[in-house]
Each structure stands twice: as C-alpha cells, then as structure tokens.
Amino acid sequence: MPDSQPNQPALRTADVTRHYLMGEATIRAVDGVTLEIARGEFVALLGSSGSGKSTLLNLLAGLDRPTSGSILAHGIDLAEMSGNELAKYRSLTVGMVFQSFNLLPRMTLEENVELPLRLAEVERGDRAGRVQEALKRVGLAARLAHRPAELSGGEQQRASLARALVNRPTILLADEPTGNLDSRTGEEIMNFIQQFNKDLGMTVIMVTHEARLAERYAARHFYLKDGKLSTNGAAQ
Amino acid sequence: MKTRDLMELAGRNLREAMLRNSLTTLGIAVGVASLVAMLSLGIGLQKLVMGRLQSSGLFDRVYVTPRPIGGSLSGRGGGGRGGRGRVQQSEDVATPGLPPQLQPPMKPLTSAVRKQLAAMPNIVAVFPELRFTADLRYGGTGHVTSASSVPFDARGTGQFDNVTGSFFSGANANEAILHMDLAQQLADQGNFKPNDLIGQEVTIRYPQRKPVDAPPNQRPQDIVANGEFGQGFTIQSADVKVKVVGLVSGESAGPGGFGGARIMLPLELVERLNAVQGFDVREVVANPGETIYPSLTMLIDNPNHVQAVEDAVKQMGFGAFSLFDAARNLQLVFRVFDSFLLVFGSLALAVASLGIVNTLVMAILERRHEIGVLKALGAADRDVRQLFFTEAGVMGLVGGVLGVFLGWGIGQLINFGLNKWLVSQNLTPQKIWLVPLWLVAAAIVFSIAVSLAAGLYPASRAAKLDPVKALRYE
C-alpha cells in the first residue's frame, strides 16, 4: 500500500468527526478536522487534556473509525477498508508508540519486538535478523532476553520504538511518547524519533501537550481544542 | 497469523495462568475419563457376553435341513428346483404313518450339496453331526455313553479354548477329547486324577455299519423307487483305539454343542468308522445311491454374516435356522445400554466444558489490555478469535489425552479389584473393561470438539473487543 499512490500525501483527513454518545449527550471528541500531512513530515498534534488529539491519532492509526468524514492514507480511504484490511494497515503501514509503552510484560524484549512480525506473517527465518536490527537501532541489542520489568522507562520506550519499527512502516504515530519519562530520557527518545524521520524518511505524527517538545522537533503544529483544529498546521 | 505462531502464543498464554488452566484441563480430563470409563465398561461387557455366546457355538452357525422349517412333509415348496428326479419321485410315494426321519426328503442334503454349501462365501466349514452310542473301555471297565463328531475347524471357534490338554492334532487323528464328567468317573474308579488320562490310549467300542451285497434273489418288493433295490446293511460291534488328548468341562447346550456327548472324536475319523446313524435305517428300504445327511451345520466366519448365509440357503430351497436373531436383540439391548452410559459419561464433560467457558472469559478480562496491544500491532479480529480458539482446543487435547489415561487407569483398577474378588469366590477372572483404540481416538476428538464449542463464545467476545477501549484498560 505505501507505494500504491506515491504522489498522494501520507495522510489526509477531510471533515473528520468522531462522536460518542454518553447517556443522552453527544460528545464531539473530533469535530470536523481537515488536515494534510506530506510524506516524510514531522508534525505535532498539540492540545490540552480531552482536546481530542489522542482520538484523532487513533483514527489515523486505524484503531477507530470516524463517525463521518474521510481519512486517506497514501490516498486510500480507511473508512472503506474491511476489518482485515485495516488490521493489515496497522501492521504494515503504521507503527505506534504509546505513553505507557504497552510492552507485553510476560514476553522478553525479543518476543515483544517479534510480535508484529508474527502478526504480519513474516517468514520465521527473517525474523531474528529484523528483530536484532530494530533493537540495535535503539541501542538495546544486548538486552534481547530481558523482560520489560527489568528495564528502565527509557529503555522500555526504546524497545517499543523498535517494535514500531520492525515491520518497516512508513508512518510513525507517537502518543505522548515522553509523557512517562524524565526530561533527559524524553529527549533521548525524541532524538531517536527524529532520527527515524530523517534517516528512514518516516512520516511522524506526535501527540503531545508539551509545546516545548513540539517546537523543538516538529516542523508543523496542529492545535486541537474541543475536537476542532484551532491552528491549521502553520509551519514554524 | 500462521498456525505455528498461534500454537506458540496459545501455549505461552496457557502456561502463564498455569494453575487455573491446569485445573480447567483436569476438569476436562475427569469428564473424558468418566466417558471412557463408562463406555469401556459397556464395550467390555458386550464383548464378554457376545464372546461367551459365540464360543457356545450358537451364533456362528446355520443349521441346514432338507426341507424348509415349518414346511409340510408332502408340500412342494423348494423341492422342485434342482432336485434330482429320482428322489423327487420318492416324495410322491411318501408313506403315510412313517416317522419324519423316514420320510423321503423334498431335496436331499447330498455330499454334492455339502460341497456347494461349503463353496459359499464366508463359510469356514460345512459338516454333518454324526452321533452314536459308544462304550469307552479303559482299565478293564466300560462306560456306555454318547460320542459325537467334531469338525477340525471347531478349533478356531472358541468352543475348545478352555480345553485341558490340547485339541485334535489333525482332522483324521485317532484322538479323543473327553468330557470332564466322564474323565472324573474313570478317575474315581481307577483311583487317579482326571488329567492323568491325557496321553492315555482308550478303546471305543461302537456299532459299525457293514454293507450287504446286492441280494442274490431279487424280490419284487425290494424294488422301492425308480427300479432300484433296497440293499440294507448289518450292524456289528467294532473297536477303535484312540488317544485322549484333551478334557473339556461345562455344558455346551443346543445343536452346536455336540449334544452333550461325552466323547468327542474328529469328524473324519467318525466318517471312517462308519458308525451306524439313526437315519441309516432309511437306506434299508430306499437306497439313494449316495450319502445323504439328515442335517448339516455351516460354520460361518463371523456372526455378522450369519443372516446372509441363512437367507441364501433358504433361497436354495433348504431349511435353515440360526440363533442369530437372539444375538441381534442382545446387541440392541447393548446399544441402548451404551447410549445411557454415553449420556451419563458426557454429563461430566458438559460440566467441564463450562469450566473452559469460565476460564476463557476470565482470561479475556485479564488480557483485555493485551488484546488491545495485539490489535494496535496489526492483529485482526480473526487472529484474536483463533488465538482463544486454539487455547480452548489445546486444553481439550491435553484434557482428552489425560482423560483417556485416567479412564483406562480407573478401568484397570476396577478390573483388578473385581478379578481379585472373583478369584476369591472361586470364579474365573474376566476382562469386563475394554478400551478399544477407536474409543481412545473418539474420546480425544470429542474432547477437542466440546472444548472448541465451549471456546466459541469467549473467542468471539475477545475478537470483538474495541482496541481503543482495550488499550485504555489497565
């Protein structure tokens, strides 16, 4: 899919809404968002807590479907994808990093990083090399056999970066990647993400509430307030 | 996801909650064990009873008589086809007032018919039952008793499985098997043990039939039918020495049980002895020119073929009967019995399957977040469903295998206890517990099927989890 329409932007949304019903009230978590992110861009989604930035990120990740509007990834509408196609999109086109790392605690680092390869049905013989390569890129090649609980927060987030990387996706979606880390470790993680953006040409969309981080790393910023874009990706 | 990855992930998940999954699997094992135990009891009992009946010689035989059973003596049914003209004619001159065995048959059981019957499929042997009164002489005294012929093929029917000593060494051997009653009488008189008789030579005195040459002066009244003459024979005492090779006890009832004879001799030997038979008298007045049997017994290779053979023989115009119907009714009773055992045995497995549902539903709650992560990393609903399904299947497989062993063990234990009791009561030990290979396979397959069915609901529930909500769940 990534190369199916090379002239299309990485992501483009048109009047996307995501409404929830809570009792009789309708919560407009995302309300008519239209944006376009070019391939290889590093953008930040900023906003206060409850502004809808994580909901928007989930929509872009194909984890959730919009109530209305369209989301095009490399020119293909996510809304028209079947469940299995959407799973494939999550597996091969996007990689996700979460605030709470979301490594499976019972698995070793190697097994955690191998998981996306299993789901993508990558040949067994190719897996070890790819896991090794991904962990090496984040400086954890020597910690293959460790379980997440045996690692520091920074190391866990690096492992989750390796996991997001292992299927060689073109888009990296990061949801508050430094939220659980001290500023020095957070900076280290951000440097890795920046490296992926520059060296691998990955499109990065980062959700954060820290304007400082966004200013330092992202080329464009989108501010969300009550589900609406208040600044439409003005270049910094 | 590929099958191997599914199996690895399922195995890992099952190991993680070891205690709970082990208990659930043990529940399935107990269910399968109860099923296996119940059914193997049913199968074992059925096999025991059917085996007993078969070794009684009643269920693998068809008895053939010259005329259809229940047919009238002067009736025409069956006799018209293929019957020989000469004998056919004799039917028309049936003498009123003669006992049935002296009535000319509608279609005689000649040696040609015997060969024809023996050539039919699934037939082990076709033999007449020759019987005569004999005087067994040993140690200077005699015992008048009955002797009967035993076909050499009877060796394989189970009737002589419990023989002390051995069966005849050959079809034509000068050997005898004695009934234990007779052996006991001889032993009491001679002050030795019955078993000492094995290997001893005894003399059997019997009434021998000797043919008479054609009468020198033919009388008009000698012409019986078709211009032939009744020749007649003389009866005289004859001796034959035979070696006692075996002793049998118990009472074999019915036509297949050698009629309660106390001396059993190989059929070919008896035929050679030319001992006089009740129906020989007929030859005095009507010489058919060849051997005619009053009845023939057909030994069938398997009781399941009895009905077909019986029908075929009836088609040929002979009378045929077997005790197969009785066996069939008995099999029906066992089927009903087995069905009850199956239902009761399955109850435990049904309860165990609820355990699977419970365990997997608990696993969904515990692994909710993990399912969210899997979906975020690219797992489709189908992958999650298959994962839970595989876990249920693995529990079913392991539970099934364990259950079969457990059920087999319970059976062995009960068999052991029962036989200990039987021996203490001076009874023969029996194998009432039988676990055939098909039951092992069926129990494991059934266990997996029940477990998969139990996994249906949890698996589809896990698959439908909303990944966004699942990821938020800690």
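User: A nonpolar core is a set of buried Ala, Val, Leu, Ile, Met, Phe, Trp, Tyr and Cys residues joined through C-beta atoms within 7 Å. Which residues have the most contacts inside the largest one?

Analyst: This is a predicted model, where local features need pLDDT of at least 70 and side-chain atom pairs 80 or more, while totals for chains, interfaces and linings use all residues. Residues are numbered from 1 along each chain as written, with chains lettered from A and ligands numbered from 1 in written order. The largest nonpolar core has 123 residues, and those with the most contacts inside it are A:L45, A:A162, A:L172, A:L173 and B:V36.

User: Which helix gives this core its largest share?

Analyst: Helices are DSSP runs of H or I, at least four residues long, and strands are runs of E, at least two, numbered from the N terminus. Chain B has 13 helices and 13 strands. With 12 residues, the largest share of the core comes from chain B's helix α2 (residues 18-55).

User: How many residues does the second core have?

Analyst: This core is separate, and B:A134, B:Y138, B:I177 and B:L273 are among its members. Its residue count is 57.

User: What share of chain B is buried?

Analyst: A residue is buried if 20 or more other C-beta atoms, placed from the backbone, lie within 10 Å of its own, exposed if 12 or fewer, and partly exposed in between. Of the 474 residues of chain B, the buried share is 39%.
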